[in-house]
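Welcome! Take a moment to turn the model around on your screen, and then let us walk through it together.

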Amino acid sequence: MLKEAAIPLTDDTLAPGTERTLAILELLGRHRAGLSLTEIARELDLPVNSVFRITGTLHNRGYLQRREDDKRFVLTNKLFDLSRPQVREKSLVVCALESLKWLRDETGETTQILASVNHKMTVLEQCISSQPIKVSSTVGLQVPMYSCAPGKAVLAHLPPAELDQFFAAVQLKQYTPTTLATRELLEADLTKTRKRGYSTDIAEGLEGIHCVAAAILDEYRYPVAAITVMSPSFRLKRDQFEKAGRLCIEAAANITQRLLA
């Protein structure tokens, strides 16, 4: 059997072109309003000709868009599309759409599906409420795992070793008076989530917003994502959490069934 030789990463073995390409993508990720050719070159201390070739290639491949008015480059959603989670080569979002709509219609509130990326929850898709006063966000938005219901639903189903890694990597912060900003408080809440099958967010990430969520599990019972109901707190009150939670559990189970079919 042939074994791949281990190649030490040194200045001599790194690919300069790849390094520059990734640096440009990361820079534009921090400047979502876009940057011009000369601004990119100045920020990264690169030759303009080099930036011109790389941005041109990224533009042709669909990773960048160049606005007509000011000629600034902005990231497209292509990188996000490439990283959308799949189970058994099935798109998680496609398998979830029907359940997202059903849950939205049953509750009358905005519903979302989110997956964890680098210890944060990323919004993959949503169905927005038709209520005059509603809560929604943008696809691609990232929020801390521990201060939102979908994040806590995922955390509750992680293997103990991965949960320990999470606590070692993430500094818990107090976003609102109800944020569970200590490991002791958060673990106690995760225990409740495991017992009842759904998680809650009592204005823990943003004041005035309540959420309920359930984890979407694969065939190994690993949490690949979570589905959530989000609403203004005056409409989704604590005595309604159990009903919303049961609906989230049903929606999550239906998504899992489609993924594994």
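## A buried methionine

Met-230 is buried, with a relative accessible area of 9% (buried means under 20% relative accessible area, exposed over 50%, and partly exposed in between, with a 1.4 Å probe and protein chains only). You will find Met-230 in strand β10. Helices (H or I, at least four residues) and strands (E, at least two) are DSSP runs, numbered from the N terminus.

Which residues is Met-230 in contact with, leaving aside its neighbours within four places in sequence? They are Glu-109, Thr-110, Gln-112, Val-135, His-210 and Cys-211, where contact means heavy atoms within 4.5 Å. Thr-111 lies 119 residues from Met-230 in sequence, yet their C-alpha atoms are 6.3 Å apart in space.

## About the model

This is a predicted model, in which local features need pLDDT of at least 70 and side-chain atom pairs count only at pLDDT 80 or more, while totals for chains, interfaces and linings use all residues. Residues are numbered from 1 along each chain as its sequence is written, and side-chain values use heavy atoms, with hydrogens and water left out.

The protein chain holds nine helices and 10 strands. Of its 261 residues, 43% are buried. If you take the contacts between residues at least 6 apart in sequence, 59% of them join residues at least 24 apart.

## Strand β9 and its partners

Now look at strand β9, residues 209-217, where nine of the nine residues are buried. Strand β8 (residues 199-202) pairs with β9 in the antiparallel sense over four bridges; two strands pair if DSSP finds at least two bridges between them. Ser-199 has Ala-213 of β9 as its bridge partner. Six residues sit between the strands in the hairpin of β8 and β9, and Ala-203 there takes a positive phi near 55°.

β9 also pairs with strand β10 (residues 223-232), again in the antiparallel sense, over nine bridges. Here Ala-215 stands opposite Ala-226 of β10. This hairpin has five residues between its strands, and Arg-221 in the turn shows a positive phi of about 65°.

Thr-176 is worth a visit too: this residue is found in the loop between α7 (160-169) and α8. Is Thr-176 buried or exposed? Thr-176 is buried, with a relative accessible area of 4%. Not counting residues up to four places away in sequence, Thr-176 touches Ala-203, Glu-204, Gly-205, Leu-206 and Glu-207.

## Two helices that cross

Two packed helices are described by the angle between their axes and the distance between the axes. Helix α6 (residues 149-156) and helix α8 (residues 183-196) pack at an angle of about 80°, with their axes 9 Å apart. Axes are lines fitted to C-alpha atoms, for helices over the stretch in contact, and angles run from 0 to 180 degrees between N-to-C directions. That makes α6 roughly perpendicular to α8 (under 35 degrees counts as roughly parallel, over 145 as roughly antiparallel, 65 to 115 as roughly perpendicular and the rest as oblique). On the α6 side, the contact is made by Lys-152, Ala-153, Leu-155 and Ala-156, and on the α8 side by Leu-186, Asp-189, Leu-190, Thr-193 and Arg-194.

## Helix α2

In helix α2 (residues 37-44), the residues Leu-37, Glu-39, Ile-40 and Ala-41 are buried. Their cover includes α1 (16-30), α3 (48-60), β1 (64-66) and β2 (73-75). After α2 comes Asp-45, with a positive phi near 55°.
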